[in-house]
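This report describes one structure, beginning with a single residue and then turning to the chain as a whole. The sequence and the model are shown below.

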Amino acid sequence: MFFGLAISTKTQALFFLPILGLAPIMPALLNPNWINIKAAAVRLLKSVGVVVGVFFTLNPHTLHPIGMYGFTRRVGIELA
């Protein structure tokens, strides 16, 4: 039961990720000028880097082609 809960939580977190991606660029959307857009782009790149780093730290098997295939297959099954 706990294994299924962990897989479900991980998949739901991946689908929630675009909402977290909007947070760093929200000030640039509300007040668009060059300084805000540049700062938002830097914050967005840092956020994406942290998220990707944490993902691969917690899921080192995805660095191997077989592990990545299994991961993408599992996500595909959960989407269907």
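Val42 belongs to helix α2. Along the chain Val42 and Ile25 are 17 residues apart, and their C-alpha atoms are separated by 9.3 Å.

## Basis of the model

This is a predicted model, in which local features need pLDDT of at least 70 and side-chain atom pairs count only at pLDDT 80 or more, while totals for chains, interfaces and linings use all residues. Residues are numbered from 1 along each chain as its sequence is written, and side-chain values use heavy atoms, with hydrogens and water left out.

The mean pLDDT of the chain is 79, and 86% of its residues reach 70 or more; pLDDT is the predictor's confidence in each residue, from 0 to 100. Confidence is lowest in α1, at a mean of 72, and highest in α2, at 86. Where pLDDT is low, the predicted coordinates should not be read in detail.

## The chain as a whole

The chain has three helices and zero strands, in the order α-α-α from the N terminus. Helices (H or I, at least four residues) and strands (E, at least two) are DSSP runs, numbered from the N terminus.

Of the 80 residues of the chain, 14% count as buried. The accessible surface comes to about 6200 Å², and 78% of it belongs to carbon and sulfur atoms; such areas come from the Shrake-Rupley method with a 1.4 Å probe, and for residues only the protein chains shown count as cover. Among contacts with a separation of 6 or more, 32% join residues 24 or more positions apart, where contact means heavy atoms within 4.5 Å.

## The largest pocket

The largest pocket holds about 270 Å³ of space. On a 1 Å grid over the protein atoms alone, a pocket is an open set of points where a 1.4 Å probe fits, with protein on both sides within 12 Å along at least five of seven lines; lining residues have an atom within 4 Å of a point. Grid points are joined across faces, edges and corners, and the volume is the space filled by probe spheres set on the points.

Twelve residues line this pocket, and Ala13, Leu14, Leu17, Val51 and Phe55 are the closest to its centre. Helices α1 (2-30) and α2 (34-58) each supply at least two lining residues, and α2 gives the most, with six. By class the lining has 10 nonpolar residues, one polar and one charged.

Leu14 lies in helix α1 and is partly exposed because its relative accessibility is 30%. Not counting residues up to four places away in sequence, Leu14 touches Phe55 and Phe71. Leu14 and Val75 are 61 residues apart in sequence, with 9.6 Å between their C-alpha atoms. Phe15, also in helix α1, is partly exposed at 46% relative accessible area. With neighbours within four places in sequence left aside, Phe15 is in contact with Val75 and Leu79.

Met68 is found in helix α3 (residues 65-79). At 30% relative accessibility, Met68 counts as partly exposed. Beyond its neighbours within four places in sequence, Met68 is in contact with Phe56, His61 and Thr62.

How values were computed. Ala, Val, Leu, Ile, Met, Phe, Trp, Tyr, Cys and Pro count as nonpolar, Asp, Glu, Lys and Arg as charged, and the others, Gly among them, as polar. Buried means under 20% relative accessible area, exposed over 50%, partly exposed in between (1.4 Å probe, protein chains only).
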